[in-house]
Amino acid sequence: MSLAPFKQRFPWWGGDLQTMANRFHPSAADLAPHASERLSFPLSDGTGDTLLAMLDRPAAPKARWPLAIVIHGLTGAEDSAYVLSMARHLLDRGHPVLRLNLRGAGPSRPVCGGHYYAGRSQDLRALLELLPSDLTRDGIVAVGYSLGAAMLLKYLGEEGSRTPLAAAASVSAPIDLAATCQCMMRSRNWLYHGYLLGQMKREATGPGAVLSAAERAAILGSGTIREYDDRFIAPRHGFAGADDYYQRCKPLAFMAGIRVPTLMLASLDDPWIPGRLYSGYDWTSNKALVPLLPSRGGHVGFHGITDKRPWSDLAVARFFEHD
């Protein structure tokens, strides 16, 4: 892809600072001169839930360039720093962009009784079926981050060559959910873990959430992310427990079925996701998967010396255009 290797930029040295950089150095929310409009996607699964998204149209569109769907990670939304950064870069290059809020996330929270989880690939399938033809006539690509990337990989593996996506990119996906949860709960990650768990509780119990008294108590009483998954996510969505949920929804179980070109971008020093999951995978087993595994970059970080934009933005855009 003619992409310079990733080299971390001062002061974001090491996996932890790379990971925290999005919080300390957020992207500007204003995407001007590009234009944005709110889109709604009522789901037909009987829940009455609606996915909300922001459609961004480039000021200088490029002919026959596909719509790019950007999918946030755990407790993220359309205005997460990494989502806005990726959107701006794609818009500047002429792509229309759809910034999706997963079920119960961000602006979708008040209009959804339900909630997203790593295995809810049916929501992506429903969204793609609901997209108006004027947005998809030049094709569709998608990039997912962290949990959103896990959901995207599961969907791609389930659909195989049937997906309407021409290409996809995964950034910092927890391809093994159990190993990622175990890694997150290490003592060295207590700050990340506590912050994420608090955000998950606020999100899951926010306005619009339809919860029984027992579910609300399970959410608020969970002392770890694993307990949250075991007491709330698993029983809510038909799993026997956290282990069953992790096993049945991990992307590793679906990646062999992916048939469209898919960039697999992950840092080997990610403090949340063990690098061995990526370095130990047999990438020759599926030609559709294109690994890009720098030794540095943290979790959804990749703040490098070659450009003020995250190196991951450059890599994803180059991949979509090269492919």
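**Entry 1: aromatic rings**

I started with the rings and found Tyr117, Phe239, Tyr245 and Tyr246 linked into a cluster by ring pairs. A reminder to myself: this is a predicted model. I then looked up how many aromatic pairs there are, and the count comes to 15.

One of them joins Phe6 and Phe302, edge-to-face, with 5.9 Å centre to centre and 80 degrees between the planes. I checked where the two partners sit: Phe6 belongs to the segment before helix H1 (15–24), while Phe302 lies in the loop between strand S8 (289–292) and helix H12 (311–322). That puts them 296 residues apart, so I noted the pair as a link between distant parts of the chain. Both Phe6 and Phe302 are buried.

Next I turned to Tyr192 and Trp272. Their ring centres are 5.4 Å apart and their planes stand at 65 degrees, so this pair is edge-to-face.

**Entry 2: helix H9**

I moved on to H9, which spans residues 225–236. Its 12 residues reach 15 Å from first C-alpha to last, close to the 16 Å expected.

Which residues of H9 are buried? I listed Ile225, Tyr228, Asp229, Phe232, Ile233 and Ala234. For what covers them, my list includes helix H6 (177–184), helix H7 (190–204), helix H8 (213–221) and helix H10 (242–249).

Last, I looked just past the end of H9, where Gly238 takes a positive phi of about 85 degrees.

Conventions
Residues numbered from 1 in each chain as written. Predicted model: local features only at pLDDT ≥ 70, side-chain atom pairs only at ≥ 80, totals over all residues. Heavy atoms only, no water. Helix = DSSP H or I, 4+ residues; strand = E, 2+ residues; numbered from the N terminus. Expected span 1.5 Å × (residues − 1). Buried < 20%, exposed > 50% of the residue type's maximum accessible area, 1.4 Å probe, protein only. Contact = heavy atoms within 4.5 Å. Phe/Tyr/Trp six-rings, centres within 6.5 Å; stacked < 30°, edge-to-face > 60°.
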